[in-house]
Amino acid sequence: MVVPLIGYLDRFSARPGERLEVKVSSQLAQPYAADLVRVRHADPNPDGPGMKLIPVPAPWAGDYPSVAKPVPRGSYGRAEGRLDLGDAFTLLLRVQPRKLRGTDRPQVLLALTGAGRSLVLRADTGGITAEAMVDGQGVSVASGAPPLDQRWYELAVTIGEGRLTLRQTALQISWGAADSGAAEAALPIADWSGAYALSLAAAPDASAHFNGRIEDPLLLRGTPRVTLEHPEALLASGRVAAWWDLSVGQEGEAIHDRGPAALHGTLVNMPARAVKGSRWTGAEHAWHHAPRHYAAVHFHEDDLEDCRWATDFSVPIPEDMPSGVYAVRLRAGEHWDMIPFFVLPPKGVARAKIAYLANTFTCQVYANYRRSEFPETQLQKRRAWGAYPYCGNLERDYGLSTYNNHPDGSGIHFSSRLRPIMNMRPGFLAVPDDKGSGLRHLPADSHLTDWLEEKGIEFDVITDEDLDEEGVALLSRYRCVVTGSHPEYHTPGTLDALQSFVNDGGRLAYLGGNGFYWKVARRKERPHLLEIRRAEGGIRAWAAETGEYFNQLDGTLGGLWRRNGRPPQLLCGVGFSGQGKFEGSHYRLLPGATDPRVAWIMEGTGIAPGEAFGGFGLSGGGAAGFELDRADPLLGTPPNTVILARSEGHQEHFVTVPEELLTHVTTVTGESPEALIRAEIVYFETRNGGAVFSTGSITFCGSLSHNGYANPISRMLENVLTRFQA
């Protein structure tokens, strides 16, 4: 399915005086209309308040011509320059195919093209093929040895003395496999010195992408029978024309030529680096401790760093534009798109006492999630409600999420915001939900922003990316910071800023579940990228390969923040412990709610200790559901924490998360694994008037609008934020 009308912005957020660039691809024959809306409520469920999109006058609004734009998927490497090869040379490299079976197309490993000369190495299920072209005369040889997936091979191609020779040598013994081979053919003698373009893992026109790993492409003058066992020794021989040592600069995109020509190049579309090469022994697991063990690059046919679409128009942010959630709306006939963005207050200014922290890192990590469950009833509900119709299950050209896999089976560990993100749209229904809307992330968080406006509680909007770049200084201007439903992904910078804010007397309202869970990495030179290495544990869609737990972008250990010594309980008093399908239940008020320190929280709710509340809402039908967080003193919940309420009545499909089963918890506390499936509402105070209030459930905010916004969940949060902004 091709999305007829879709776009993206160059950034998620902007301040007054700044501009956003809008990039649109339209397959339509007629122009499209663009305008601006403020997004107050993004849930199309007719049983709730409904979609609230408030038109905002904009000087750029109007009609624009439709231009269809391609998506340049697939990673590769490239370099250009002069090579002094003479009339005889040897090409050496190591490769590890990852997806030759099940495809009928050859994949290009390396192409060297110049005036009247070219050498191309291809791989398919039958083996490796080398094709040389000299002054219009082509010669091809094939190894005839089918390579095995995820096995390393050394390839040697020699040209000289009137011959083209190819050797394919298996570097690992695979009993019963005939996966080494050689072949040769006559080739006219010619001088191969000259200007060349090198292409790694794709053809020169960026087609025929290779799925797998490539290591140590090396060009050697002459035709000696040598191997890549010790390339440094070959370099010392003085015969090396070029050696692209892919172990150098692994945090970036440059590829470094250690040969005399200095034919340095670049990688396109962010293939994976900091991955095991043919020399990895298991002695080191951090790539920067032994770079030559990680001298490979893993290329994928669907890698996508940047759609690289031209800008169609710009959106200037007026000086008086209120902070909030907005969208550029595109419409043409029955087709529409809404590209959301966040407007911050002016630099150094707070226009409210409360800052709503939009979880843009989580939105980006989940971008274009292709879900395992996608029933026909989901499509029917979208059509009936007029919801956003497209998703990763229907269209994968814009790249999938880090919850999905590449075609070769490896986990996707980069996510870019420079592409359309279909599930970050107002009106997007994410999951099957028989009792509610099934919203996640940005649309789900509109349950909160709509409630804030309904209650007249003023707030500024900030985003994860802004917080990572500006640190605690961005928060220090506010009395209170409020999260949305799922602040799951954080960098060291965002987590440090939030912890400093709380430690210094700030007030935090954590209104979600499964928060502050996974560690992600960024790099200043590539701010649009996030990296996730799903290392060691946690509920996860795929696991990072052994030896590949350290991030490429910053060199630090990835995985759970809990595994990095910072359980969520240290920041907000609760942490992830249970998960099920998208269904909600209720809380039951505990005796601790009468403690004088917290009794004000339940004032006016009409709920007494022992009574249940919150068994309603637009998210799974209950305020406590889907992903649940609990308090745990052994993991950092402060001793002065009061547990006001605890969820119960969760369905049989709920499970305890794996990291809870492999720690001291059940043996020390005596609780069964099933008992850990609970959400807890907690409150604790810090210093200088600081405090933290956490709800422990992803579905909490979906209950705020129930009964015309008059319900115990709504009143409880109103009590908290009224005091927190005082």
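Biologist: How many bridges join β21 to β22?
Modeller: Two, with the strands running antiparallel. This is a predicted model, by the way. β21 covers residues 272-275.

Biologist: Which residue in β22 is the bridge partner of V275?
Modeller: A296.

Biologist: And how many bridges join β17 to β22?
Modeller: Four, again antiparallel. In that pairing, G212 stands opposite F299.

Biologist: Are the faces of β22 covered or open?
Modeller: Both are covered. A296 and H298 are buried on one side, V297 and F299 on the other.

Biologist: Switching to charges. How many salt bridges does the structure hold?
Modeller: It holds 54. One of them joins E229 and R94, with the closest N and O atoms 3.4 Å apart.

Biologist: Where do E229 and R94 lie?
Modeller: E229 is in the loop between β17 and α1, and R94 is in strand β8, so the pair ties together parts 135 residues apart in sequence.

Biologist: Is R94 buried or exposed?
Modeller: Buried, because its relative accessibility is 4%. E229 is partly exposed at 46%.

Biologist: What about R279 and D216?
Modeller: Their side chains meet in a salt bridge, 2.9 Å from N to O. R279 sits in the loop between β21 and β22, D216 in strand β17, 63 residues apart. D216 is buried at 0% relative accessibility. R279 is buried too, at 17%, and the cut-off is under 20%.

Biologist: Which residues are in the network with them?
Modeller: Salt bridges with shared partners join E215, D216, E232, D245, R258, R279 and R292.

Conventions. Residues are numbered from 1 along each chain as its sequence is written. This is a predicted model: local features need pLDDT of at least 70, side-chain atom pairs count only at pLDDT 80 or more; totals for chains, interfaces and linings use all residues. Side-chain values use heavy atoms; hydrogens and water are left out. Buried means under 20% relative accessible area, exposed over 50%, partly exposed in between (1.4 Å probe, protein chains only). Two strands pair if DSSP finds at least two bridges between them. A salt bridge is a side-chain nitrogen of Lys or Arg within 4 Å of a carboxyl oxygen of Asp or Glu.
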